[in-house]
Amino acid sequence: MFGMKFFILAVFALTSCVAKPTTRELYEEDLKLERQLKLINKPSVNTVKTEYGDIYDCIDFYKQPAFDHALLKSHEFHPEMRPSNMNGLEEVEKEEEKEEGDNEIEVECPHGTVPIRRTTKEDLIRQKTFNQMFDSNIHPVTDSEPGNRVISKYVDMDFGGGFAHFSLYQTPNVHQLQFSSGLIKVSNGTDFIKAGWTVNPTLYGDNRCRKFAYFHTRDQHCFNTNCPGFVIVNNNSPLDYAFPKVSEIAVRIMECRFYIYRDPQNGNWWLVTGKGKKQKALGFWPAKLFTDLAYNADQVYWGGELFTIPNSKTSPMGNGLLIKHVDDPRLYAYARDCSVVDAKTQKVIGVAEVNSEEVTDFDGWYGRRKAHIEKYWGHTIMFGGPAKLIKGN
């Protein structure tokens with residue numbers, strides 16, 4: 001059975017004791033990091049520094065890291081590429097629209113270049129440990145896997161993508177080797193793509209709410225552009241930027257729509273953010289990178305995700321509030337109007353009318369779902385809660 005899933009996921013990493021490295025080993029590791037930095041940070045046409053201290057290099061489209069991948073050495077991609085079928089990407093403005101369109105940092109890279117956040121040695125050190133710990137503990141998502149929080153829906157169909165509008169929060173008290181995210185995920189077999197917002201001090205070195213993407217194949221996996229694969233086409237809206245404005249409880253709601261979409265003409269998986277005139281096609285993962293997702297997805301997920309180490313407190317999830325008032329999603333972190341693309345007809349289908357089953361091994365501590373009659377909310381999942389002590393693995 002193919003499936004769509006709403007999920008609340010908490011992941012607990014395994015740790016081990018290792019011997020203290022020698023001075024020579026540290027020196028060799030440092031040289032290795034320097035070599036990696038030269039490969040990762042491409043020569044730039046221009047450089048932009050944001051008010052938050054992030055440095056983005058404007059890289060020639062054809063010299064971006066994606067094309068270091070062996071399968072992408074020979075290609076016909078170009079910076080003018082966009083999804084061939086925009087059905088469902090356009091959206092009619094509604095009365096209850098939240099602020100979203102202006103909530104971006106415009107890096108203003110020249111035409112023909114793409115913005116890529118400059119990687120530092122400190123970034124590499126954090127990412128090396130984090131990527132190994134994270135990827136080995138998040139997939140597959142099953143009801144029996146310890147630590148997972150899942151709210152599930154199942155439909156017998158193939159998916160060409162999905163989207164939802166996520167409220168953005170700077171989750172409080174997220175520490176090193178932890179993260180708190182709201183995301184959409186499409187998967188098939190061992191392949192999957194995730195995108196959304198995250199507070200991840202281990203990955204970024206700060207606690208800001210940032211846009212992120214992550215892909216996993218049989219051969220590789222990484223966040224954003226930390227490994228070759230994601231082809232950027234947008235010249236002013238980078239991955240991993242810090243949202244200038246986030247939601248504040250009972251004050252304002254800031255949103256971003258995340259849309260992962262498979263182009264039926266070539267099989268490329270696109271990441272599109274925003275809506276209406278403000279929507280932006282950021283880039284795509286080429287079909288040739290995947291085995292199972294080279295065709296369609298058979299599962300789509302929406303919800304919140306946590307990561308922490310065993311025998312410790314998790315970070316809070318969402319905005320940290322325990323969900324008590326299911327009729328008022330404005331109080332919590334949410335994904336609203338959760339929808340999918342029918343791979344055969346290319347029609348966008350709201351999932352509010354589909355029966356769903358809630359499955360959780362944490363007594364619903366972190367999540368609730370609500371099917372709304374109003375088109376604006378559609379099928380909404382609320383996720384969030386305070387930190388909780390986790391014992392064992």
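A disulfide is defined here as a pair of cysteine sulfur atoms within 2.5 Å. The structure is a predicted model, in which local features need pLDDT of at least 70 and side-chain atom pairs count only at pLDDT 80 or more, while totals for chains, interfaces and linings use all residues. Residues are numbered from 1 along each chain as its sequence is written, and side-chain values use heavy atoms, with hydrogens and water left out.

Two disulfides are found by this rule. One of them links Cys222 and Cys227 at an S to S distance of 2.1 Å, and with -80° about the S-S bond this link is left-handed. Cys222 is buried (under 20% relative accessible area, where exposed is over 50% and partly exposed lies in between, with a 1.4 Å probe and protein chains only), its relative accessible area being 2%. Cys227 is likewise buried, at 14%. The other disulfide connects Cys58 with Cys109, S to S 2.0 Å, and is left-handed with -80° about the S-S bond. This pair links distant parts of the chain, since Cys58 belongs to strand β3 and Cys109 to the loop between β3 and β4, 51 residues apart; strands (E, at least two residues) are DSSP runs numbered from the N terminus. Relative accessibility is 0% for Cys58 and 5% for Cys109. Counting bonded cysteines along the chain, the disulfide pattern is 1-2, 3-4.

The sulfur of Cys209 has its closest cysteine sulfur in Cys256, at 9.2 Å, and this is too far for a bond. Cys209 is buried with a relative accessible area of 1%, and Cys256 is buried with 3%.

Aromatic rings of Phe, Tyr and Trp (its six-membered ring) were paired if their centres lie within 6.5 Å, with planes under 30 degrees apart counted as stacked, over 60 as edge-to-face and the rest as tilted. The count comes to 18 aromatic pairs. Among them, Phe61 and Phe67 are arranged edge-to-face, at 5.7 Å centre to centre and 65° between the planes; both residues are buried. Phe77 and Phe284 also form an edge-to-face pair, with 5.0 Å between centres and 80° between planes. Because Phe77 lies in the loop between β3 (55-60) and β4 (113-117) and Phe284 in strand β14 (residues 280-285), the pair ties together parts 207 residues apart in sequence. Phe77 and Phe284 are both buried. One aromatic cluster is formed by Phe61, Tyr62, Phe67, Phe77, Trp270 and Phe284.

Technical notes: Helix = DSSP H or I, 4+ residues; strand = E, 2+ residues; numbered from the N terminus.
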